[in-house]
Amino acid sequence: MHIGAHALANNLFVAPMAGVTDRPFRQLCRRLGAGHAVSEMVTSRPELRESLKTSRRANHDGETAPITVQIAGTDAAMMAEAARYNIDRGAMIIDINMGCPAKKVCNKWAGSALMRDEPLALQIVDAVVAVCAPRGVPVTLKMRTGWCDTERNALVLARAAQDAGIAMVVVHGRTREQGYKGLAEYDTVAAVKAALRIPVVANGDIDSPQKALQVLRHTGCDALMIGRAAQGRPWIFREIAHFLAHGTAAPAPATHEVRQWLIEHLHDHYTLYGEGVGVRTARKHIGWAVRALPGGEAFRAAMNTLQDSDAQVRAVATFFEALAEVHPCLPQPAANDALVQLSA
Ligand SMILES: Cc1cc2nc3c(=O)[nH]c(=O)nc-3n(C[C@H](O)[C@H](O)[C@H](O)COP(=O)(O)O)c2cc1C
């Protein structure tokens, strides 16, 4: 699997998720089997570049190549400038966000709202490709199936984007109107794959190795992108890889391994965010990691009251040590348990 000249480790990608797939989490997913990772979206508005949030999102220290930065915005010139700015700071692939349904993005005609304005969407694609191509930086595009049920234009837009020089398209099998509700459909994704020469990636509701195989078969896509199911379960990538290669379920990870991964993730997280913000924002990662485990909910409630990183790490270590005594291998959640519903 290649994006432009970049060879990827495999065709299982971790989806960009604002507030989740920061550099520490992306690295963890890669370590546990993801072949590619895209940053959380960064705004194209130059006045926000120096904000702490945007500069943390632009942190790629020690990140595995190819470093991929997702940009979001509504103005072609600003998007081109954002691409150039991020390339100068290490981006090796630029991804354009045409999939995010969040209101603060859509009201400004960014994210999936761009799918409703094809001329503007293509203007943005042209402008970003014009900046990236001479620098040898491929541009990828992440989109939904369309704006709403009656306006499913992913195929038209994907074809035009390919003609404009886009190197890969990711399609989340929902319309913008759906937000994260209902089920992802893969017929539109399959139609995009059938029509394009460039790699096409299927995304949406892939939450188990079995579902991954089903989506690959149904769509014929070149790769899969997994988002919410990786929250608290970043080893899902290697589980899927194992299942695709051998047709059998991978053994559950040892509980002490999961403990170790989480603790290492926490230390990396505190290094990026600092003590105060680090402790607060680590809570969601810990919560996801324990939610399907025996005693997980009670532990989460108690852990959320802890105010410093040492106490947080100690609590996590103690929880998993106690769990390991009863369950040497991690108890397995049922498929779908992992999906987090996010209102649009
Ligand atoms: C918390 C959260 C944040 C997200 N942020 C982004 C984002 O910054 N850029 C983007 O293109 N998609 C974003 N998405 C959408 C995901 O990349 C993905 O398309 C969607 O969650 C469907 O895949 P899944 O069912 O595997 O989670 C976000 C999703 C979630 C749940």
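Helix H11 passes helix H12 in a right-handed crossing, a crossing being right-handed if the near helix is turned clockwise from the far one by less than a right angle, and left-handed if anticlockwise. The structure is a predicted model, in which local features need pLDDT of at least 70 and side-chain atom pairs count only at pLDDT 80 or more, while totals for chains, interfaces and linings use all residues. Residues are numbered from 1 along each chain as its sequence is written. Helices (H or I, at least four residues) and strands (E, at least two) are DSSP runs, numbered from the N terminus.

Two packed helices are described by the angle between their axes and the distance between the axes. For H11 (residues 275-290) and H12 (residues 296-303), the angle is about 165° and the axes are 9 Å apart; axes are lines fitted to C-alpha atoms, for helices over the stretch in contact, and angles run from 0 to 180 degrees between N-to-C directions. H11 and H12 are therefore roughly antiparallel to each other, given that angles over 145 degrees count as roughly antiparallel, under 35 as roughly parallel, 65 to 115 as roughly perpendicular and the rest as oblique. On the H11 side, Arg283, Ile286, Gly287 and Val290 meet Gly296, Phe299, Arg300 and Met303 of H12, where two residues are in contact if their C-beta atoms, placed from the backbone, lie within 7 Å. By class, this contact of H11 with H12 holds four nonpolar, two polar and two charged residues. In this classification Ala, Val, Leu, Ile, Met, Phe, Trp, Tyr, Cys and Pro count as nonpolar, Asp, Glu, Lys and Arg as charged, and the others, Gly among them, as polar.

A further helix pair is formed by H3 (residues 76-88) and H5 (residues 118-132), whose axes come within 8 Å and cross at roughly 30°. That angle makes H3 roughly parallel to H5, and the crossing is right-handed. H3 contributes Ala76, Ala77, Met79, Ala80, Ala83, Arg84 and Ile87 to the contact, and H5 contributes Gln123, Ile124, Ala127, Val128, Ala130, Val131 and Cys132. The residues of this contact divide into 12 nonpolar, one polar and one charged. Within H3, Ala76 counts as partly exposed because it has 19 C-beta neighbours inside 10 Å; a residue is buried if 20 or more other C-beta atoms lie within 10 Å of its own, exposed if 12 or fewer, and partly exposed in between, with C-beta atoms placed from the backbone. Apart from neighbours within four places in sequence, Ala76 is in contact with Gln123, Ile124 and Ala127. The C-alpha atoms of Ala76 and Ile124 are separated by 4.3 Å, although these residues are 48 residues apart along the chain.

The axes of H6 and H7 come within 9 Å and cross at roughly 30°. H6 is thus roughly parallel to H7, and their crossing is right-handed. The contact joins Ala154, Leu155, Ala158 and Arg159 of H6 to Thr188, Ala191, Val192 and Ala195 of H7; six of these residues are nonpolar, one is polar and one is charged. Within H7 (residues 187-195), Thr188, Val189, Ala190, Val192 and Lys193 are buried. The cover over the buried residues of H7 includes strand E8 (139-146), helix H6 (154-163), strand E9 (168-175), strand E10 (200-203) and H8. Ala161 of H6 counts as buried, with 27 C-beta neighbours inside 10 Å. Leaving aside neighbours within four places in sequence, Ala161 is in contact with Val125, Leu141, Ile166 and Val169.

In helix H9 (residues 236-246), the residues Ile236, Phe237, Glu239, Ile240 and Ala241 are buried. These buried residues pack against strand E3 (12-14), helix H1 (23-31), helix H8 (209-219) and strand E11 (223-226). H9 is followed by Gly247, which has a positive phi near 75°.

Particular backbone geometry also occurs in loops. Asp205, in the loop between E10 and H8, has a positive phi near 65° in a residue other than glycine; Asp205 is buried, with 23 other C-beta atoms within 10 Å. A cis peptide bond, with omega about -5°, joins Ala65 and Pro66. Pro66 is placed in the loop between helix H2 (52-57) and strand E6 (68-72).

The ligand is surrounded by 23 residues, the closest being Ala15, Met17, Ala18, Gly227 and Arg228; a residue is near a molecule or strand if its C-beta atom, placed from the backbone, lies within 6 Å of it. The shell around the ligand comprises 11 nonpolar, eight polar and four charged residues.
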